[in-house]
Amino acid sequence: MIPKAELHCHLEGSITPALARELAARNGLALPDGLFGPDGSYVWRDFLSFLAAYDRVCGVLKTPRDFGDVIYSYLVGAAAQGAVYVEMFCSPERPKALGIAYADWLAALADGIDRASRECGIVGRIIVVCIRHLGPERALALVERMVAEPHPYVVAFGMGGDEAKYTPADFAPAYRLAHEKGYGCTVHAGEVLGPESVWGAIRALPVSRIGHGVRSAEDPALLEELARRGTVLEVCPGSNIALGVYPDRAAHPLHRLIASGVRVTLNSDDPPFFHTTLAAEYEAAGLPDTALRQIVRTAIEASFVDAATKRRLLEGVQS
Ligand code: ADE
Ligand code: ZN
């Protein structure tokens, strides 16, 4: 089995239907109507209804322990698929709405990471993310909290949500603060919108990685620029196909991105929503083992983990 590393997976997006049922039962909550289809999987139709379904799944979370159990459960499952390192996108907005203190939420996540590490040896880290459609003020407030209450497992800042709302430049103050304080930076772009959204992101924000970025393939000058800068794309083919960005794997630009010299990684995004897993992404990539191993090295090199851990992880995946 190829050792794997994942840079792009959303905490709440990793909740399987089974775990959602378990958490709802534990918290005495009714599952939202229409959340599951007849086959037991999550129901949604397009990008915005996916974001709405995602929000409704978040509704099963109530206590700090719930968040810790979600990350633990994902990491243990990822380790069984060969993952040695996972960076998880974690949004403080949900715990805040539940009245959970930032430090309590982080302590629970760290406990989940430590439990998974003790049991499986996997290394987990946290990327604190803002939600784009909630706006730049919320994003800045969130980074201010992140820098005021540092935690050794919080290594970076990112942004997901509705790409059509606001511009990357609107979030420059939040990103600037995170970057100045030494945090890694990544942003979703070029998923729903075209190459101009990636141009906007790399021009306005201090990012070394782009979440998705696959629509860059439509602009040769952008591909050249990404390759020149060494910007790493967090590519999630199964997610793109499920969301209808591309009709199938044959139409997906993964191979073209690699051929253009752009650094890419493979990721699962919100695996149960998109009927995928990290291992499935590696299997379905249509790439030889040498290329997959290069993708793992790229992921570890582009990760935001401390230098000593990065070196150890890189040594571990050399074959
Ligand atoms: N939040 C969770 N998954 C996302 C995605 N694929 N794009 C943007 N925001 C998200
Ligand atoms: Zn994502």
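Colleague: Hi! Where in the chain does Gly213 lie?

Modeller: Gly213 is in the loop between β6 (209-212) and α9 (220-229). Helices here are DSSP runs of H or I with at least four residues, strands are runs of E with at least two, and both are numbered from the N terminus. One caution: this is a predicted model, where local features need pLDDT of at least 70 and side-chain atom pairs count only at pLDDT 80 or more, while totals for chains, interfaces and linings use all residues, and side-chain values use heavy atoms, leaving out hydrogens and water. Residues are numbered from 1 along each chain as its sequence is written, with chains lettered from A and ligands numbered from 1 in the order in which they are written.

Colleague: Thanks. Is Gly213 buried or exposed?

Modeller: Gly213 is buried, at a relative accessible area of 0%. Buried means under 20% relative accessible area, exposed means over 50%, and partly exposed is in between, using a 1.4 Å probe and protein chains only.

Colleague: What does Gly213 touch?

Modeller: Not counting residues up to four places away in sequence, Gly213 touches Ala189, Gly190, Val198 and Leu233; contact means heavy atoms within 4.5 Å.

Colleague: Switching to the metal: which residues coordinate the zinc ion (ligand 2)?

Modeller: His8, His10 and His188, each through NE2, and Asp269 through OD, at 2.1 to 2.2 Å. Donors are N, O and S atoms within 2.8 Å of the metal (3.2 Å for Na, K and Ca), and water is not among the atoms, so sites may look incomplete. Along the chain the spacing of these donors is H-x1-H-x177-H-x80-D. His8, in strand β1 (residues 4-10), and Asp269, in the loop between β8 (263-266) and α12 (278-284), are 261 residues apart, a pair that links distant parts of the chain.

Colleague: Why is the arrangement around the zinc ion (ligand 2) irregular?

Modeller: Because the four donor atoms subtend angles of 87 to 171°. Four donors count as tetrahedral if all angles lie between 85 and 135 degrees; four count as square planar and six as octahedral if opposite donors are over 155 degrees apart and all others between 65 and 115, and anything else is irregular.

Colleague: Are His8 and Asp269 buried or exposed?

Modeller: His8 is buried at 0%, and Asp269 is buried at 2%.

Colleague: Now ligand 1, what is it surrounded by?

Modeller: The residues with a heavy atom within 4 Å include the zinc donors His10, His188 and Asp269. Also among them are Phe47, Phe50, Leu51, Tyr54, Gly160, Gly161, Glu191, His212 and Asp270.

Colleague: Which polar side-chain atom lies 2.8 Å from a nitrogen atom of ligand 1?

Modeller: One belongs to Asp269. An N or O atom in the side chain of Glu191 is also 2.8 Å from a nitrogen atom of ligand 1, and a polar backbone atom of Gly161 is 2.8 Å from one too. Taken alone, ligand 1 exposes 260 Å², and the protein buries 96% of that, by the Shrake-Rupley method with a 1.4 Å probe; for residues, only the protein chains shown count as cover.

Colleague: Last topic: which residues have a positive phi although they are not a glycine?

Modeller: Tyr166, at about 60°, and His275, at about 55°. Tyr166 is in the loop between β4 and α7 and is partly exposed at 41%. His275 is in the loop between β8 and α12 and is exposed at 58%.

Methods
Polar contact = N/O pair within 3.5 Å; in protein donor to acceptor, adjacent residues only side chain to side chain.
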